[in-house]
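The terms used for a protein model rest on cut-offs. Some questions about those terms are put and answered here.

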Amino acid sequence: MAKGDPGVPTRGRRAAPRSKQAASAAAGDPELVQLLTAEGERIESATGPDGTEYRVDFTDEEYRGLYRDLVLVRKLDAEATALQRQGELGLWASLLGQEAAQVGSGRALRTQDMAFPTYREHGVLYCRGIDPIMPLGLFRGVDQGGWDPNEFKFNMYTIVIGAQTLHATGYAMGVAIDGKTGTDDGEAVIAYFGDGATSQGDVNEAFVWASVFNAPLVFFCQNNQYAISEPLERQTRVPLYRRAGGYGFPGVRVDGNDVLATYAVTRHALDNARLGQGPSLIEAYTYRMGAHTTSDDPTRYRIASEVEAWQAKDPIARMKAFLTKQQIADESFFTEIDEQARTESVHLRERVLNMPNPEPVTMFDHVYPHGSPELDVQRAQFTKYMESFEGSAH
């Protein structure tokens, strides 16, 4: 899955998947699209609230590729958390528990599609082929991120809650105006946000504009059950995906811990968007296993039994169980992936520790493309101030 157009399905050879009825019973929620149960049982297809049938048909190598993505993304994320705890990063927003939602949707994007992330989409960033060191430079405070959004079709991280949905809507409207929709090779846009962001005015405004202008946009909500310390019931009285109906476009809830279902639902929504069928909302029902950020203490607002219940739905464990039961991978494969993840995380740590600290005066370098007299004055004043410390005891 790491090479070529991410997420193009090809014919697989898996036999005897479970029925749709079994899918509903396994999910325990008729509103939840699921293709892989928590026990690793494969489901042939699942039907969404509007009657859409979802399925995937991967080769064995593609199934193994998805597992590799999940493991590597989790390990790199864990390394970043450890670096912050050791004082090497100022802050980190972990994706622990949300790997399937991000890898599944990230691999569903076609090469030409554009993504607008929050500050937690490290898995999507990885799927877009961006060097994992890039967000760590941002959170270490030595740069502003560093990747080219146009090259990777992945916008810069957005810290302001919900603001990226408006950016994505404007971009998607531009795609439509430029005539880049209506064909199979058209462009679609995806905007990521959390359940707490649905209470923001920016998100609701984005819904209105995207709907009225039929923008080729997929709103992807990672419902990880908490907006920092506020639980989901403080955000809504109905399932989040149902909100889409009030704006005039379809919504669907998918098992966000199921990488296969997430892929299928996202690819379908993106293809509809690129064909000119307008926006849609995906609610990826998942769980944030760790803290909101490394400055948060989740033990103050949730109980251990809740976390344990979600651990039983772990996205990596269920994918491993599926690969094992279907004899797609053996123990040597899992050992190889674990070693690859360990090696890459060690390498990432070394690169972070070797990042050069920028000279403070460089903060003025890229404020305006052609400079400004006012900025020149400020730069000179700041330079003089910094020079006043040379040779002193400060």
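The questions below go from the whole chain to single residues.

Q: What kind of model is this, and how are its residues numbered?
A: This is a predicted model, in which local features need pLDDT of at least 70, side-chain atom pairs count only at pLDDT 80 or more, and totals for chains, interfaces and linings use all residues. Residues are numbered from 1 along each chain as its sequence is written, and side-chain values use heavy atoms, with hydrogens and water left out.

Q: How many helices and strands does the protein have?
A: There are 14 helices and 10 strands. Both are DSSP runs numbered from the N terminus: helices are H or I with at least four residues, strands are E with at least two.

Q: Why is the protein called as compact as a globular protein of its length?
A: The globule rule is 2.2 Å times the number of residues to the power 0.38, and the radius of gyration is taken over C-alpha atoms. For 394 residues the rule gives 21 Å, and the radius of gyration is 22 Å, close to that value, so the protein is as compact as a globular protein of that length.

Q: What percentage of contacts in the protein between residues at least 6 apart in sequence join residues at least 24 apart?
A: The share is 74%, where contact means heavy atoms within 4.5 Å.

Q: Why is Gln-235 called buried?
A: Buried means under 20% relative accessible area, exposed over 50%, and partly exposed in between (1.4 Å probe, protein chains only). Gln-235 has a relative accessible area of 13%, so it is buried. Gln-235 lies in the loop between β8 (230–231) and α9 (243–247). Leaving out residues up to four places away in sequence, Gln-235 touches Asp-195, Gly-196, Ser-199, Ala-227, Glu-230 and Arg-243.

Q: What makes helix α3 mostly covered?
A: In α3 (residues 99–108), 10 of its 10 residues are buried. Among them are Glu-99, Gln-102 and Arg-107.

Q: Is Ile-228 buried, partly exposed or exposed?
A: Its relative accessible area is 42%, so Ile-228 is partly exposed. Ile-228 is placed in the loop between β7 (226–227) and β8.

Q: Why does Gln-327 count as exposed?
A: Gln-327 counts as exposed because its relative accessibility is 71%. This residue is in the loop between α12 (315–325) and α13 (331–353).
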